[in-house]
Amino acid sequence: MDCLFCKIIDGSIPSDLVYEDENVLAFRDINPTSPIHILFVPKVHFASLSESHGKEDALLDVFKAIRAYVAKEELDKAGYRLVINAGEHGQQTVDHLHVHLLAGRQFTWPAG
Ligand code: AMP
Ligand code: ZN
């Protein structure tokens, strides 16, 4: 399968890893939009939330991994933002579900 994040997961494309467990990998975004910009990806491939049927455990695993990382780095003190882009309007560019963890600066709402 020609999936960038599957290739990062299998090690054939390098990444700046910050977290790994049995089911989840997290690495720094190559084009960060905040001082901390990390992508959390399930090791099992599916494109989006809409295609996660039968793989709900992976969704929970991703959020548990984020929770652990946020606690370890004490990001909950100042706060952070989680983003899932989906489809064309959401400007998803990699069709392997991922959650952006953004932190280290003040964000605004609504997002542009
Ligand atoms: P999205 O636009 O939500 O699909 O997010 C995809 C993200 O992957 C973008 O923020 C890209 O900067 C990031 N990205 C693309 N290629 C790489 C790579 N080789 N390593 C790390 N992040 C990447
Ligand atoms: Zn994939």
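Contact means that heavy atoms lie within 4.5 Å of each other. The views below come from a predicted model, in which local features need pLDDT of at least 70, side-chain atom pairs count only at pLDDT 80 or more, and totals for chains, interfaces and linings use all residues. Residues are numbered from 1 along each chain as its sequence is written, chains are lettered from A and ligands numbered from 1 in the order in which they are written, and side-chain values use heavy atoms, with hydrogens and water left out.

**View 1. Ser52 and Ser50 in the loop between β3 and α2.**
Ser52 sits in the loop between β3 (36-42) and α2 (56-72). Helices (H or I, at least four residues) and strands (E, at least two) are DSSP runs, numbered from the N terminus. Not counting residues up to four places away in sequence, Ser52 touches Phe46 and Leu59. Is Ser52 buried or exposed? Ser52 is buried, because its relative accessible area is 5%; buried means under 20%, exposed over 50%, and partly exposed in between (1.4 Å probe, protein chains only). Ser50 is exposed, with a relative accessible area of 61%. The C-alpha atoms of Ser50 and Ala111 are separated by 22 Å, and the two residues are 61 apart along the chain.

**View 2. The zinc ion (ligand 2) and its protein donors.**
The protein donors are Cys3 (SG), Cys6 (SG), His45 (ND1) and His96 (ND1), and they lie 2.0 to 2.3 Å from the zinc ion. Donors are N, O and S atoms within 2.8 Å of the metal (3.2 Å for Na, K and Ca); water is not among the atoms, so sites may look incomplete. Why is the arrangement around the zinc ion tetrahedral? The arrangement is tetrahedral because the four donor atoms subtend angles of 103 to 116°. Four donors count as tetrahedral if all angles lie between 85 and 135 degrees; four count as square planar and six as octahedral if opposite donors are over 155 degrees apart and all others between 65 and 115; anything else is irregular. Along the chain, the donors follow the spacing C-x2-C-x38-H-x50-H. Cys3, in the segment before α1 (4-10), and His96, in the loop between β4 (80-83) and β5 (99-103), are 93 residues apart, and the pair links distant parts of the chain. Cys3 and His96 are both buried.

**View 3. Ligand 1 and the residues around it.**
How many residues surround ligand 1? There are 16, and the closest are Asp29, Asn85, Thr93, His98 and His100. A residue is near a molecule or strand if one of its heavy atoms lies within 4 Å of it. A nitrogen atom of ligand 1 is 3.1 Å from a polar backbone atom of Ile30. An oxygen atom of ligand 1 lies 2.7 Å from a polar backbone atom of Thr93, and an oxygen atom of the ligand is 3.0 Å from a polar backbone atom of Val94. On its own, ligand 1 has 500 Å² of accessible area, and the protein covers 83% of this. Such areas come from the Shrake-Rupley method with a 1.4 Å probe; for residues, only the protein chains shown count as cover.

**View 4. Glu88, Gln91 and Asp95 in the loop between β4 and β5.**
Glu88 is exposed, with a relative accessible area of 73%. From C-alpha to C-alpha, Glu88 and Asp61 are 26 Å apart in space, and they are 27 residues apart in sequence. Gln91 is also exposed, at 63% relative accessible area. The phi of Gln91 is near 60°, a positive value in a residue other than glycine. Most residues other than glycine have a negative phi, and most peptide bonds are trans. Asp95 touches His45, Phe46 and Ala47, not counting residues up to four places away in sequence.

**View 5. Asn23 in the loop between β1 and β2.**
The strands on either side of this loop are β1 (17-20) and β2 (24-28). Asn23 counts as partly exposed, because its relative accessibility is 34%. Leaving aside neighbours within four places in sequence, Asn23 is in contact with Val41, Pro42, Lys43 and Asp61. Asn23 and Val44 are 21 residues apart in sequence, with 7.5 Å from C-alpha to C-alpha.

**View 6. The cis peptide bond between Trp109 and Pro110.**
Omega of this bond is about 5°. Pro110 is in the segment after β5.

Note on methods: Polar contact = N/O pair within 3.5 Å; in protein donor to acceptor, adjacent residues only side chain to side chain.
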